[in-house]
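Open the model, keep the selection tool handy, and let's take the stops one by one.

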Amino acid sequence: MPDHEEINACGDPKAKPSYLVDKNLESAVKFIVRKFPAVETRNNNVSTPCMKYGPVMQRYYVQYLSGFDAVVLNELVQNLSVCPEDESIIMSSFVNTMTSLSVKQVEDGEVFDFRGMRLDWFRLQAYTSVSKASLGIADHKELGKMMNTIIFHTKMVDSLVEMLVETSDLSIFCFYSRAFEKMFQQCLELPSQSRHSICFPLLCTHFMSCTHELCPEERHHIGDRSLSLCNMFLDEMAKQARNLITDICTEQCTLSDQLLPKHCAKTISQAVNKKSKKATGKKGEPEREKPGVESMRKNRLLVTNLDKLHTALSELCFSINYVPNLAVWEHTFTPREYLTSHLEIRFTKSIVGMTMYNQATQEIAKPSELLTSVRAYMTVLQSIENYVTIDITRVFNNVLLQQTQHLDSHGEPTITSLYTNWYLETLLRQVSNGHIAYFPAMKAFVNLPTENELTFNAEEYSDISEMRSLSELLGPYGMKFLSESLMWHISSQVAELKVLSCHIPFLVSSVEDFKDHIPRETDMKVAMNVYELSSAAGLPCEIDPALVVALSSQKSENISPEEEYKIACLLMVFVAVSLPTLASNVMSQYSPAIEGHCNNIHCLAKAINQIAAALFTIHKGSIEDRLKEFLALASSSLLKIGQETDKMTTRNRESVYLLLDMIVQESPFLTMDLLESCFPYVLLRNAYHAVYKQSISANA
C-alpha cells in the first residue's frame, strides 16, 4: 500500500517526496497507483470469504496451535540453558494453554479469548529485555520468532475480524480525498481497470475506523466525507455506464433505421438502373451497402466500435453488480439503484429527443420511425439485465407511463404533448386552410396541389400504419388526451381523427355487446355512461361522449334551456339551407378515386350526425326527429338548385347531391327509405353516374 508521501504525490504532482527524484522509482509508484484498484479488489475477494468461513479458519489454527506450535515451543524451552523461575512459569503456561486446545471447542461454538496469553508475552518480553536479565531475548531469536508466530495464530482464532481490519484497512485515504478522486478517475478511464472501480466506494466503508473515542468531534466530519465520496463514486460509475449504454443505443438505432421501408426505394432504383446500364453497356452507381454488412467479418481480430462499447460496459457493470449494497456510517447505498435512476432520466430525454420536434419549422419524426427507434432502445436496455441485476421493466413502466401524460414528473413536455400539438396546430390547421383533404378511399389525409407546397406529406403522418404506431406510443391515456384536445377544437375542424385499437379482445367484445343492447327507453345519463365506456374501449358510438362534454361546457348562463334548444334547432336549419351554396365552389367536385370531395365537404356527413346527436342529447330533444327535419329541409334546398339556370351556381350540383346519401349512410338514426321519400333516388343515381363520367373524361 502507498504511504502518506506517495499518496500525496499522486494527488499533487508538485508535492513529491524527496526520494522520488529517481525516475525509475517514480514510475514504480505510478505503476503501483495504477494497479491499486485491482489489488484492492482482490484483497476484498480474500477478506469476504475469510469473514464468511471464520469457523473453518478457527479449526485450522486451533489444530496448528495444539499440534505444532505447542510442540515446537516446548522443545525451544527445554533447550534453554538458563531459564529463571518466572519466565519458566510463563512459557509453561503458553505450552499448557495451546496443548489443551481441541477441535471440539470449535464445533461446540466455544468463544476463545487469548488476550491473557498475549499480555503474558508482553510481560515476558519486558522481563527478557532489561540489561541485567539472565535470559536475554536478543540471544534467543528463534524463541522470539516462534512466539510472534504463535501470537499471530491466536489472533486468527479469537480476533479474526480485527486482524482483517488491521491488515486491509485503508482509511488513510480519508485525509487525501484529492488523490483518492484522481485515482478513481484514472480507474474509470482505463477499460481494463473499470471492473475494479467498486473498490473506491468500498474503501469509504473503512473511513470510520480511523476515528477515535478521544476525538469525537472528528466523527461527523469524517462521516460526512465518507458519505459524499461514496455517493460521488457511485454516481460517476452510473453516469459512465449510462453514457456507454446511450452510445450502444445510438448505434442500434442507426442499424434499425437502415431497415425502414423508406430506404428500399433507393435499393430498388439501383437494381433497376443496374439492369438498364447492363443492357446499354454503361457503368451504374456504386452499390449501396445492405443492412447486416457490419456483422460480416473475415476474422475475430476485427473489432468494431460496438464491440468496444459492449466490452467496456460489461467491465463496468461487473463493478456495479459486485455488491448489492454498501453500509457507510449508518447509511446504505445501492449501486444498482444509481444506474436505474440514470437510465430512467436518460431514457426519458432520449424518447423526447428522438421525436426531433422543431417548433420553428414544425418538423417532427413520423410515429412509425419513432416507434422503431424506441423499440431498438428498449432492446438494448433489456440486454442490460444480462450484466446487472436490475428490474428494467420498472424503468419502462415509469418512463413510458409518464410519456402518456401531458407533462412528465419534471414538468417537461412529453411525446404526447408534442404530437398532440403537432397534429392540432400543424396538420389540422392546414386542413382548415384547404391545403390538405381527407381521402376516405385511402383512410388518410393527403396534400392538395397548391402554390405554396407544404414542408411535410400529410399521408405519411395520418395513414393507418402511422396511427397504429402513434396509438402504441401514446397508449390509452395519451390517445384519450389527444381525443379530448380534438374535441375542444371540433368547432373549427370538420372531422374528428380517431384511432381504433383492440388489445383486449374478450373485454372489448363484452363492452361491444353491452353497447349494442341498450334499450331506447334507457335513461340518457345511464346511456352516456355506457357510451363513455365504449368510447374508451375504442368502439364507435351513436353519441360521442367526449363531444357532449365539450359542447356542454359552452352553455351560456344568461340563456334559458328553452332558448338554447331553439338555437340548436336553428343551427341545423342553417346548415340545411346552406348546403346548396357548396355547389358553386370549384373544389366541391367529388372524386371517385379518393371517394370524397376535394375540399373535405364529405366530412360534413359525420360532423352533422355527431354534432346533432351531441346537441340534442344535451338539450334532451329527440335526435331522430330533428335529423328527419334536417333531411327534409336539406332535400328541399338541394332540389331547388335543380331549377337554377346559372352554370356557375350549379357547376358541382351532382357532387353536392351525394352529400345527402353520405349523411344517411353515416347516421344510425336515418334510413334510405326516409331519404327516398324526401329526395328521388333517381337523382342520386344520375349524380353518381355524372361524377364518375366526368372523372373518366378528365383522366382521358
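We start with the whole chain and then visit a few groups of residues.

**Before you click.** This is a predicted model, in which local features need pLDDT of at least 70 and side-chain atom pairs count only at pLDDT 80 or more, while totals for chains, interfaces and linings use all residues. Residues are numbered from 1 along each chain as its sequence is written, and side-chain values use heavy atoms, with hydrogens and water left out.

**Stop 1: the whole chain.** Switch to a cartoon view: the chain has 28 helices and six strands. Both are DSSP runs numbered from the N terminus, helices being H or I with at least four residues and strands E with at least two. Now show the surface. The accessible surface comes to about 39,200 Å², and 55% of it belongs to carbon and sulfur atoms; such areas come from the Shrake-Rupley method with a 1.4 Å probe, and for residues only the protein chains shown count as cover. Of the 700 residues, 41% count as buried. Buried means under 20% relative accessible area, exposed means over 50%, and partly exposed lies in between (1.4 Å probe, protein chains only).

Stop 2: Select D120 and R123, which form a salt bridge with the closest N and O atoms 2.4 Å apart. A salt bridge here is a side-chain nitrogen of Lys or Arg within 4 Å of a carboxyl oxygen of Asp or Glu, and by this rule the count comes to 17. Why are D120 and R123 separated by about one helical turn? Because they are three residues apart in helix α6 (residues 115-127). D120 is partly exposed at 22% relative accessibility, and R123 is partly exposed at 34%.

**Stop 3: R115 and D113.** Next, select R115 and D113, whose salt bridge has its closest N and O atoms 3.0 Å apart. R115 counts as exposed because its relative accessibility is 59%, whereas D113, at 46%, counts as partly exposed.

Stop 4: Zoom in on E369 and K366, whose side chains meet at 3.7 Å, N to O. Are they buried or exposed? E369 is buried at 16% relative accessible area, and K366 is buried at 16%.

**Stop 5: helix α8.** Finally, select V165, which lies in helix α8 (residues 160-168). V165 counts as partly exposed because its relative accessibility is 40%.
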